[in-house]
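Okay, thanks for coming, everyone.

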Amino acid sequence: MKISRDWLQTYFEKELPDASVLAEALTFHVFEIESVEGDVLDVKVTPNRGHDCLCHYGIAKELSAILNVPFIPQKHENGVEDMLSKKTDAIVVSINNPLCKRYIAGYLKGVKIGHSPEWLRKRIEAIGQKSINNVVDATNYVMFNIGQPLHVFDAGKLKKQESYAISVRMAKKGEAMLTLDDKEYTFTDAMMVITDMHADAIIGIAGIKGGKMSGVDEGTTDIILEAANFDGVSVRRAAQALKLRTDASERFQQVLSSGLAGYGMRAAVEIIQEIAGGELVGFADEYPEPEEERSVSISVAQINQALGTSLSESDTIDVFTRLGFSYEARGREISVLAPFERLDIVIPEDLIEEVGRLVGYDKVPSTELPVFPRSPETNENFYRSEHVREDLMSDGYSEVYTSVFANSGERAVVNKVGGEQSYLRKSLIPGLEETLKRNIRNKDLLGISEVRIFEIGTIWPASSNKSEHDGKEEIVVGIASEKEGTSERSLKDMAPVLSQEVGYEELPVSATERYQPFSRYPFIVRDIAMWIPGGVDENEVLGLIQREAGELLVHEALFDRFEKDGKVSLAFRLVFQSFDRTLTDEEANQHMKGIQATLESKGLEIR
Amino acid sequence: MDRGHMHPISSLIREANSIFHNMGFTFAEGPLIESEWYNFDTLNVPKDHPARDMQDTFYIKDEPGYVLRTHTSPVQVRYMEGEAKKGNTPPYRVIVPGKVFRNEATDMTHEAEFYQIEGLAVGEDVTLANLKGTLARFFKELFKNANVEIRFRPSFFPFTEPSVEVDMRLVGENVPEKLRDKWIEMMGAGMVHPNVLKNAGVDPKKYRGFAFGMGLDRLAMLRWGIDDIRLMHSADLRFINQF
């Protein structure tokens, strides 16, 4: 999420360091940073912290803890119940589904819709959002500030009898609504909606987006603010099915504390009254089961045992204090109460992580494991594979890996991207045959006389035995060569039986230092044969050829040599290839002419 | 006939097995078609977790509840269960090199099938410091003659708590220039989540463990300067014969 340094600064009296310093602090103590552009950080909030950190408040709290900079106490941190105590019976809210844990409606009259003040517009625009009007901007500001999504309805567009009636329920299959941006969405009965009960009309898709019919415009004077808590999974599924992901749905799907709705409502009402005026009539707060506080206990010994550190009790307490956790030491145990929005703090290991990351993982020493009391087992399949691999390589076979996906087979996947080759191979043979063909074309380039390849891989074959089902996994060895053709055998039929006492052998590994990219362009082969006087060195001739041909000569080999009447005949095969274009025959001929001329000038007779 | 060439990932697995074997780790394996139970549930991945979406995971046709494993981690629980059945209590140490699958379009850095190596150490006294020490030794032996530094950053995975990203830096004259002195993100790791131990029948009050999962294709690419992950499954001898 986009986080502005200026915005963060509102939480601190002391000036914050540069964005780059903030980025580093966050990287090593809490979140990866995707990018830093000017004063805006793009923070990659992990899924376990979506509850509290998809907002400036959450990130500011983290920075306060990491940098140990005091945090300006927040108005919205206490006394919220007092403010919501102004109840009104002008709105009746009914929740008809357990997937909505809380719904607060706030009723304001006489609001003046207009442009946002500059400070608000700047804040919103700094993080890439568009300013709409003062009231909508205020609700967005609260969401990006403390994490609670909100929505505003134009009360004048809802039906009023003795009171307004808002209901949260599952949609009926086929019900539809036009959103604020003029798109119609049709719902299934797995989607939660907000309705105007008197009009029996859907006015919002719960946790995702509001409807056009009840939207705020220049003529709006009375508004109903919504601060609610919707189930994360339900919102995620609906947003996915409707292909409608919004800043609100992104937050609800991470699961929010239902306590946050109260703070969100309070913050929104305050800002709206400040910038758009209006009189607060009151609130309707449907909160069937208030969230319970959860305390978690841990001892310093447990922390050190898990991290391998030797932290003291005061190191630990310091971390909890910086994070704003309240705690109580009871003998060796410390009982910790995290702030309500920290839904991620559930088990002692969660506290171990808090201590580890805030103290800094650089404080975790590097300690090797003690000697293992038993000797490790030798894995049968790996042992056999290694044996087969060595045998085949010493016979000149090279190892390939081909894809497990094929055009036919006993088993298949349902959802392959592109839909092609969705079967799981029942044999290595088709893949190896195709591979053999492809590599034969490159024989001259590779400078090999015969292509020999093998693969040790998993297949899902038809069963030869009626008692077993088709498509059972099996590891097989497939070999393919120009002379011997292609065949495969079960790994267990190909290698000696494992002896646990003997175990693995020490086998050689690749000695290659660096891979050299190869040209993807076609190559051209030319042969040249010559008589050389006895006593002339072959390597000298090769050197002449290489110097004359230059970098386009990618491979050269002496493929024939014989002696007759005191003279020696040499025949070289030369392979030309460019890294950046397809060579023409013309170019190859030019090079061959040059080579010929050079060799002739040295007195060699070209045949 | 000249000796044939070994696939670079086979070479890497051979080397990794040898290094980890000396540290007491057993090579373990598991099926490629895996149940959702082992691939997700036992690993503390909630039923509604986005990783289970069809766009990320290959589901097996006409076999509800089965997937092509998305990581080597299901072998953690399979191995621990297997040991318990044999009457072996921790300490356990295993590595699981093997093929894994993600349902994604391929490009130079993404493949639908690739290789991972999982590591798991469980015991009464296993610590996060041991994870650092184990990985430091692994990389030190793998990148011979280089000074290896290991760094952890906070992260999140459902199956570890705490979770970390592991970065590595190679320092020294013998290190290829492209790798020298640069921090490189190597893998995700952490302390095994108590729910995973519980699901495997191991008492999390008595035992703890660390686990890591590293991409072998990526490691091979770094080690040899390979520029395209698709070469691994290309079966192209212009590639293979360089190793």
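Let me start with a question: over how many bridges do E26(A) and E27(A) pair, and in which sense? The answer is 10 bridges, in the antiparallel sense. Before I go on, please keep in mind that this is a predicted model.

So, let's stay with that sheet. On to the next pair: strand E25 of chain A, residues 524–533, pairs with strand E27 of chain A, residues 567–576. That pairing is antiparallel too, over 10 bridges. If you want a residue pair there, take Asp527(A), whose bridge partner in E27(A) is Arg573(A).

Then there's strand E28 of chain A, residues 605–606, which is joined to E25(A) by two bridges, with the strands running antiparallel. Look for Met530(A) here; across from it in E28(A) is Ile606(A).

Put together, you get an open sheet of four strands in chain A, in the order E26-E27-E25-E28, with antiparallel pairing. Why does one side of E26 and of E28 in chain A lack a neighbour in the sheet? Because these two strands stand at the edges, and each has a single partner strand.

Now the helices on this sheet. Helix H16 of chain A, residues 538–549, packs on it and touches E25, E26 and E27 of chain A. The direction of H16 makes about 145 degrees with that of E26(A). Helix H17 of chain A, residues 585–601, lies across E25, E27 and E28 of chain A.

Let's zoom out to the domains. The assignment for chain A gives domain 1 at 2–73, domain 2 at 80–286, domain 3 at 295–363, domain 4 at 380–493 and domain 5 at 524–606. Take domains 1 and 2 of chain A: their centres, over C-alpha atoms, are separated by 27 Å. Domain 1 puts 14 residues into the contact and domain 2 puts in 13 residues. On the domain 1 side, strand E1 (2–4), helix H1 (5–9) and helix H3 (56–67) of chain A each supply at least two residues. H3(A) has the largest share of that side, with three residues. By class, the domain 1 side splits into six nonpolar, five polar and three charged residues.

Next, a helix pair. Helix H5 of chain A, residues 118–126, packs with helix H6 of chain A, residues 134–146, at an angle of about 55 degrees, with the axes 10 Å apart. With that angle, H5(A) is oblique to H6(A). Their crossing is left-handed. From H5(A) you have Leu120(A), Arg121(A), Arg123(A) and Ile124(A), meeting Asp137(A), Asn140(A) and Tyr141(A) in H6(A). That contact has three nonpolar, one polar and three charged residues.

Last thing, the two chains. Their contact takes 74 residues from chain B and 75 residues from chain A. Among the elements of chain B that each supply at least two residues to its side are helix H1 (8–22), strand E5 (113–123) and helix H4 (128–142). Which one gives the largest share of the chain B side? That's H4(B), with eight residues. By class, the chain B side has 37 nonpolar, 19 polar and 18 charged residues.

Methods
Residues numbered from 1 in each chain as written. Chains lettered and ligands numbered in written order. Predicted model: local features only at pLDDT ≥ 70, side-chain atom pairs only at ≥ 80, totals over all residues. Axes fitted to C-alpha atoms, helices over the stretch in contact; angles between N-to-C directions. Parallel < 35°, antiparallel > 145°, perpendicular 65-115°, else oblique. Left-handed = near helix turned anticlockwise from the far one by under 90°. Contact = placed C-beta atoms within 7 Å. Nonpolar A, V, L, I, M, F, W, Y, C, P; charged D, E, K, R; others polar. Pairing = 2+ DSSP bridges. Domains from an automatic or database assignment.
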